[in-house]
Amino acid sequence: MSTIPYSERINISFFGAVNSGKSSLMNAITSQNVSIVSDIEGTTTDPVRKTMEILPLGAVELYDTAGFDDNSPGSELRIKKTLEILRKTDLAILVTDKFTSLSESEVKMIRKFTELNIPYIVVHSKSDLIDENIIYTENEISVSAKTGDGIEELKKLMCSIYLSNLNENKPQYKSVTDGLVERESVIVLVTPIDNSAPKARLILPQVQTLRSLLDSFAITVVVQPSELCSVLKLLKRLPDLVITDSQVFSFVKDIIPENVPLTSFSILMARYKGILPEALKGIEALKNLKDDDCVLISEGCSHHRQCGDIARDKLPVWIKKFTGRKLCFEFTSGGTFPVDIKKYSLIVHCGGCMLSSRELEYRQLLAKALGIPFTNYGILIAAVNGILDRSVKHIKERKI
């Protein structure tokens, strides 16, 4: 389980009022004392995270959050953290110790789940304290963390609710190149190894793409840009697809013949994460930027900044050169993303390899609701190099 990236795990989060039994329930599900259990309000501060395997879902990430009706000192920050977890949640567990009507705050939280299109289960905790019949309906169940009654049934319900609520209107890709290559296709990966490349390993999108191609039994050649011409000469035929790091699009496009499909790791990640159609629409805003417009460049991970950093150095230069405008730029990284984004004329996001599809989609939907164009690094870099149509042609032809 620990080898599976966080972004590839299903996020299941426990929400509820203070002392509703969230922490006890999470401990019962994991069979470990993961969360501190106490009658004192505000015991759970920062969200507690635990990885486990629940079949048939596989590796899941469980989050225990602070009570959303917490009024103790520091509660405002704790509730803010709880709402941040909500944005990445694939399945919400609303824990209540009430067996009749829900409280107003619990009803509001259910409305929030519905607004964000998050499937949820209402769990009535502490069933050992009442004499009523056990509740077990389509998305409602009563359990006892103390006695263990209903815990296995809850796990089964979690699997059932999640699997039945997968978005049927959006393709669910099993891997980065799912449906794009055939067995024994010849694929060339252009992976620059420069000062920003991690020592002794490849970055996650490159690793995921390589594994996806190997699983498809494609013939895969991995090469640095400087050796690309030599590889083309060595191959007995032209490759079926070339996938490159977006930063060297300008170099690679001049070497690869026009009749060879060309795309980037970042564009494939946009497809895999489910944001490609809207990201392609968002790039149109690049042509309409005006002087003094503000562009947000957002990364899903935090890393040590070096000279020539793509987000803070290269992208602003390329955007200003393409538009000819005097623009201002702001930057975010890691798990944080501003809620108030009204001032931005364009949002350019990374591939999102460290974010779940749910969290990346939330960021895009937040922008869409406010009419703010949203695109990603690879699409923008392809656009400024005049090869956007070429870089998505192979994907569009597959119509998947």
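Modeller: Start with pairing: two strands pair if DSSP finds at least two bridges between them. Helices (H or I, at least four residues) and strands (E, at least two) are DSSP runs, numbered from the N terminus. This is a predicted model, in which local features need pLDDT of at least 70, side-chain atom pairs count only at pLDDT 80 or more, and totals for chains, interfaces and linings use all residues. Residues are numbered from 1 along each chain as its sequence is written, and side-chain values use heavy atoms, with hydrogens and water left out.

Biologist: In what order do the four strands of the open sheet stand?

Modeller: The order is S12-S11-S13-S14, with parallel pairing. S12 and S14 (374-376) each have a single partner strand, so one side of each lacks a neighbour in the sheet. From one strand to the next, the twist averages 25°. Angles run from 0 to 180 degrees between N-to-C directions, and axes are lines fitted to C-alpha atoms, for helices over the stretch in contact.

Biologist: How many bridges join S11 to S12?

Modeller: Five, linking S11 to S12 (residues 328-332) in parallel. Val 295 stands opposite Phe 329 in S12. S11 also pairs with S13 (residues 344-349), again parallel, over five bridges. There, Leu 296 has Ile 347 as its bridge partner, and Cys 294 stands opposite Tyr 344.

Biologist: Are the residues of S11 buried or exposed?

Modeller: Buried means under 20% relative accessible area, exposed over 50%, partly exposed in between (1.4 Å probe, protein chains only). In S11 (residues 294-298), five of the five residues are buried. Cys 294, Leu 296 and Ser 298 lie on one side, Val 295 and Ile 297 on the other, and both faces are covered.

Biologist: At what angle do H10 and H12 pack?

Modeller: About 35°, with the axes of H10 (residues 310-323) and H12 (residues 377-384) 10 Å apart. A crossing is left-handed if the near helix is turned anticlockwise from the far one by less than a right angle, and right-handed if clockwise. This crossing of H10 and H12 is left-handed.

Biologist: Which residues of H10 and H12 meet?

Modeller: Contact means heavy atoms within 4.5 Å. Ile 310, Ala 311, Leu 315, Trp 318, Ile 319 and Phe 322 of H10 meet Tyr 377, Leu 380, Ile 381, Ala 383 and Val 384 of H12.
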